[in-house]
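Please look over the structure below before reading on. A short report follows it.

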Amino acid sequence: MQISIQEKLSILADSAKYDVSCSSSGGKRKNEGKGLGNAEGMGICHSYTEDGRCVSLLKILLTNFCIFDCAYCVSRKSNDVKRAAFTVQEVVDLTINFYRRNYIEGLFLSSGIFKNADYTMERLVRVAKKLRQEHKFNGYIHLKTIPGASEELVKEAGLYADRLSVNIELPTEQSLQTLAPEKNFTEVLTPMGHIKDQLVLVKEEKKLFKSTPSFAPAGQSTQLIVGATPESDRQILTLADGLYQNFQLKRVYYSGYVPVSADSRLPIISTPPIIRENRLYQADWLVRLYGFGVNELLDEQNPQLDLQIDPKLAWALRNRHLFPLEINTADYEVIVRVPGIGLKSAKKIVAARRFAHLTWEHLRQIGVVIKRAKYFITCGGRSLETREWDEEAIRRRIMYGEKGSRAQLWGSQLDLFQQAS
Amino acid sequence: MHFYTYDGSFEGLLTVVFEAYERKAWPTQIGREGEAPPGIFATHHFVPTDPGKAKRVWDGLGKKLSKAAWENVYKAYLWEQPGFEMLIFQFVQLVFSSAEGGVEENFANRSVQKMAAVGKQMFREKHRMEAFIRFQRTQDGLYVAPISPDFNVLPLVIAHFESRYADQPWLIYDVRRQYGAYYDVERVTLVTLEDAPPGLRKGQLDPAVLTSAEPLYQELWQAYFDHVNIPERKNKKLHLRHMPKRYWKYLTEKKPRGQAHKPIQNKQVPTGVPRLGA
């Protein structure tokens, strides 16, 4: 039975959407000699889905036929779902025509595993190679590395792709064994190790020979599914931190589990854990960019992130002995730790105080969120608050506003109501 | 009180700055030629554009400012919002009056703050155009996109599209300001086309001029857009914050569809989870 290109696209986009990565930044591919496209500098989100996620790449599976039976996956072998497969040429045509109309930054190609890992990987590589060599395509290409694919194929993939990723999906070996019995940690981590070694090698060689071909210039990333298995936030973030350090990952993505198939090994939930996912991203940011250690944000007593307040505020409330900071003298490294002050505001503060003694009005105009920051800083020795608030009170005032206790009570009841519904 | 007028060009505005310094007569207001003076007591000076004088001001700024802050002065001109001329003048005055460089980082100063805020607005609008422009291919192989940005960012996006689509001819047309940028695979020229493709001046391309494959790719893009959505995660507020409604009219994926694209259903539905759309 012949199926139309539109039906194929529908099936193979629909089953690729649970992979949350959409980044198109970090590429260094320049358009030289009148080719098509460039992927320099920052990424671009060309559209946004109704769930508010960025659409940057044509994110599709080459096929959703799969020999594996991972419980969390919509394309699992035992799932009764429509199957389809693109030809290499179809993917190339779609990519080029979407790119020329400025719909996308490039291609994110993944696949179900048909026949075996190498057979699948070889086809993914063929798409990328064709785009680069026959169409002089300089847009962004993200290829998924199939667990178990040979080192040679991974190496070749890196020559054409800007980014490679291997999804770990489940944060512990035990969970992987329960839900994805055909996979194991070693098989996932081996290609990740190969990619890292190759990244390091090429970087070294580039210092000696400028002509060394690039290898996945936007690095590698992975994804963890959150909420399908019982791991704590602490376990998840510790794993992510280890991956950043040992495998030089650019990003770890967290994907709140969306129930896609019936399986007694999976939890029954009615909505995906979106708030938890958001808190994990915030914590990930604090670790990567703000200089926090995972053990500062979470420990044995507090293994889960607070769902009500963001992890920076939660940390600051547990560490009130470090505050208040005097904004006119404190170091940049500690200013970025103040709730309500982001990286940009911190930089502006440090730049502006060379010219003037900063006041509360200056801070407001620089973009500091005063209602959060004011409990943790002084400006010229002055605090905005005349009385000392305890941890609970600050938390309440930031969450529900500063009006009388009746308004706060109303706010917290409303909150309970929303949580219950 | 001094009211300066100029021809509306960037060079003209820089000439006003030069003349104000020359005459030591600081403007209380600057306006386009023909604009009514702010009051009967204002002295009116019309300043004819002088490229030489403009260049001296521009180069002088270049010596005292970082590249980003320097370019930001031009962006404030393209911002076009009420009072932009005086904002530029006051910022220039601050720059020329401070002995040392780096004054663009004095975020405690009002005009530095305002210039930074304008720069941010311009960056955002430019970035939106780079994202939201949708080309349609005509029968003669030209890729055409109508736009109507909040600010005059077309001059700022040209370089981006020139290097990205180096091998295809394209035309980006600002419907609000009635001018466009046309790339012929060699160079970009600014055009105010009388003979633009039919309908373009109103932002609507006549389907008859489009290549035969165009409707297919538009439909495929709509199908793709609908299928990457995860209905369980619906968040309309976030969607609108990223993609405000005023940008929808040129977005292919926001146009009416020939057919609805419903999420692919599992025939086997997880227990305890309501079937979508049921």
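## The model

This is a predicted model: local features need pLDDT of at least 70, side-chain atom pairs count only at pLDDT 80 or more, and totals for chains, interfaces and linings use all residues. Residues are numbered from 1 along each chain as its sequence is written, while chains are lettered from A and ligands numbered from 1 in the order in which they are written.

## Domains

Chain A is divided into domain 1 (5–214) and domain 2 (320–420). Their C-alpha centres lie 42 Å apart. Chain B is divided into domain 1 (2–126), domain 2 (133–211) and domain 3 (212–264). In chain B, 42 Å separate the C-alpha centres of domain 1 and domain 3. These bounds come from an automatic or database domain assignment.

## A covered strand in chain A

Helices (H or I, at least four residues) and strands (E, at least two) are DSSP runs, numbered from the N terminus. Arg251(A), Tyr253(A) and Ser255(A) point one way from β10(A). Val252(A), Tyr254(A) and Gly256(A) point the other way. In a regular strand the side chains alternate between the two faces of the sheet.

Strand β9(A) (residues 220–226) runs parallel to β10(A), joined by 6 bridges. Two strands pair if DSSP finds at least two bridges between them. Gln223(A) stands opposite Tyr253(A).

## The core

The largest nonpolar core has 172 residues, and Ala128(A) and Ala157(A) touch the most other members. Such a core is a set of buried Ala, Val, Leu, Ile, Met, Phe, Trp, Tyr and Cys residues joined through C-beta atoms within 7 Å.

## Where the chains meet

In all, 54 residues of chain A are in contact with 48 residues of chain B. Contact means that C-beta atoms, placed from the backbone, lie within 7 Å. Helix α1(A) gives the most to the side of chain A that touches chain B, with 6 residues.

## A loop in chain B

Gly34(B) is found in the loop between β2 (29–32) and β3 (43–46) of chain B. Gly34(B) is exposed because it has 9 other C-beta atoms within 10 Å. Gly34(B) and Phe46(B) are 12 residues apart in sequence and 9.6 Å apart in space, C-alpha to C-alpha.

How values were computed
Buried ≥ 20, exposed ≤ 12 C-beta atoms within 10 Å, placed from the backbone. Contact = placed C-beta atoms within 7 Å.
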